[in-house]
Amino acid sequence: RYPDIIKPIYQTENQYSKGLSISRTFNFPRARGKYVALCEGDDYWIDPHKLQKQVDFLESHPEYTMCCSDAVVTSPDGEHDWCRYRKDTDIPVRDMIMGGGDFIQTASQIFRKELVIKDYPKSCIGDYPLQIFAALNGKVRWFAQKQVVYRFNSVGSWTSALRTRPLEQRLPMLVSEFGMLEQMNELSGGKYAVHFHRRIADHLIYIICLRPYRRRVDEILAQFGQYVQYFSPYQKFKLFLVRR
């Protein structure tokens, strides 16, 4: 009904299953506006003025590359408190790095299109490198108002499937994420090296301590042992306990 507004892409063969990023490969290149806003999967917007508020802010603050907001987070267990900050604030680069891919909700983001025209490091989690890249190239504003709803751990969702992935599928994901973080560290000139390395250490020890993977810790370290140097004393103690 609205071909000038809604422009779907009908796939004859699933491209995501081939490892292609749908947004970066197909959608971002055909974006014609000044800004890009995302709303994926079964998430949705609940503030009818969300886009206008965010665009107005970016128009009047050219030093900002992205803005986002608080969200209502729901799961089969009910609603969860997700608030990152108690008032409108700028997100520090260190928080963006350490927070991981779900630190800000994808459905709340709006950013300048010029950001995705550039060739920035990729990862299996598409929104995480974009968030870091935005923070490294300008400021990112976070609004305390809940403007979107994010469904967490629902049946068939990414978060739900991630919990049950076998190690053989999880290891390539770690390679992808850690490689992206190392590249971002190089782009920043090493300014945030301590945070990039802490993020790698935190994620690696988290994986090692997951119950399904504990008996395969030596297999994991055979591939990622070089990152143990970034472990804190507490993380090294946890590693010692897991390996006993």
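**Close-ups of aromatic contacts**

Searching the whole structure, a predicted model, turns up 12 aromatic pairs.

**View 1. Phe28 and Phe111 form an edge-to-face pair.** The two ring centres are 5.9 Å apart and the planes meet at 85°, so this pair counts as edge-to-face, a label that needs an angle over 60 degrees. Follow the chain and you will find that the partners come from distant parts of it, 83 residues apart. Phe28 belongs to the loop between α1 (22–27) and β1 (35–37), while Phe111 sits in strand β6 (residues 110–112). Phe28 and Phe111 are both buried.

**View 2. Phe224 and Tyr227 make a stacked pair.** Here the centres are 6.5 Å apart, with 25° between the planes. Phe224 has a relative accessibility of 3%, so it is buried. Tyr227 is buried too, as its relative accessible area is 9%.

**View 3. Phe224 and Tyr227 belong to a cluster of rings.**

**View 4. Arg24 lies over the face of Tyr120.** Now for a charge over a ring: the distance from Arg24 to the ring centre of Tyr120 is 3.8 Å.

**View 5. Lys50 lies over the face of Trp45.** In this close-up a lysine takes the place over the ring, with Lys50 at 4.7 Å from the ring centre of Trp45.

Terms used
Residues are numbered from 1 along each chain as its sequence is written. This is a predicted model: local features need pLDDT of at least 70, side-chain atom pairs count only at pLDDT 80 or more; totals for chains, interfaces and linings use all residues. Side-chain values use heavy atoms; hydrogens and water are left out. Rings of Phe, Tyr and Trp (its six-membered ring) pair if their centres lie within 6.5 Å; planes under 30 degrees apart count as stacked, over 60 as edge-to-face and the rest as tilted. Helices (H or I, at least four residues) and strands (E, at least two) are DSSP runs, numbered from the N terminus. Buried means under 20% relative accessible area, exposed over 50%, partly exposed in between (1.4 Å probe, protein chains only). A charge sits over a ring if NZ of Lys or CZ of Arg is within 6 Å of the ring centre and within 35 degrees of the ring normal.
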